[in-house]
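Please look over the sequence and the structure before reading on.

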Amino acid sequence: MDEIFMKLALEEAYKAFSTYEVPVGAVIVHEGKVIARGHNKRESLKDPTAHAEMIAIRKASKSLNGWRLLGCTMYVTLEPCSMCAGAIINSRIERLVIGARDPKRGCCGSVINLVDNPNFNHRVEVKFNVLEEECSNILTSFFKELRNK
């Protein structure tokens with residue numbers, strides 16, 4: 001099932017790519033159903049918080065009519081940054097499935113691990129490397145194209 005939902009997150013990443021946004025996509029699943037999708041929109045919205053994860057969390061909260069996303073799993077193509085990891089903790093998402101690690105900004109184990117920190121009141125189960133090659137390739141392609149322009 002993880003690969004199926006990660007493919008949906010990749011679809012979101014391709015939407016971001018098509019609008020010259022860093023191609024990151026996120027999907028939130030509750031009780032086996034997709035309740036929210038998001039992709040990066042920082043450039044188009046001129047908003048530094050318009051990350052795929054933040055957009056998906058906002059939509060999921062509306063879908064469930066509350067800020068606690070209990071029983072939810074987030075699928076994201078790139079390891080979340082500190083802002084997004086914090087939002088994942090604060091929204092009580094239970095499980096996080098990540099495509100590619102982010103060795104420069106990843107805050108779910110690569111640079112620091114916020115989501116499994118015993119000092120916080122909520123910890124998130126994390127699974128890495130689901131469709132890792134596909135998730136990495138879209139980022140590589142995007143930045144290669146950007147450098148060529």
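## Basis of the description

Contact here means heavy atoms within 4.5 Å, while helices (H or I, at least four residues) and strands (E, at least two) are DSSP runs numbered from the N terminus. The model is predicted, so local features need pLDDT of at least 70 and side-chain atom pairs count only at pLDDT 80 or more, whereas totals for chains, interfaces and linings use all residues. Residues are numbered from 1 along each chain as its sequence is written, and side-chain values use heavy atoms, with hydrogens and water left out.

## Helix α3 against helix α4

In α3, Glu53, Met54 and Ile57 meet Met83, Cys84, Ala87 and Ile88 of α4. The residues of this contact divide into six nonpolar, no polar and one charged, where Ala, Val, Leu, Ile, Met, Phe, Trp, Tyr, Cys and Pro count as nonpolar, Asp, Glu, Lys and Arg as charged, and the others, Gly among them, as polar.

The axes of α3 and α4 (residues 82–90) come within 9 Å and cross at roughly 25°; axes are lines fitted to C-alpha atoms, for helices over the stretch in contact, and angles run from 0 to 180 degrees between N-to-C directions.

## The sheet

Five strands form an open sheet of mixed pairing in the order β2-β1-β3-β4-β5, two strands being paired if DSSP finds at least two bridges between them. The edge strands, β2 (33–39) and β5 (125–127), each pair on one side only.

Strands β3 (residues 72–78) and β4 (residues 95–100) pair in the parallel sense over five bridges, and leucine 78 stands opposite alanine 100 in β4. Helix α3 (residues 52–64) packs on the sheet, where α3 touches β1 (25–30), β2 and β3, and the direction of α3 makes about 145° with that of β2.
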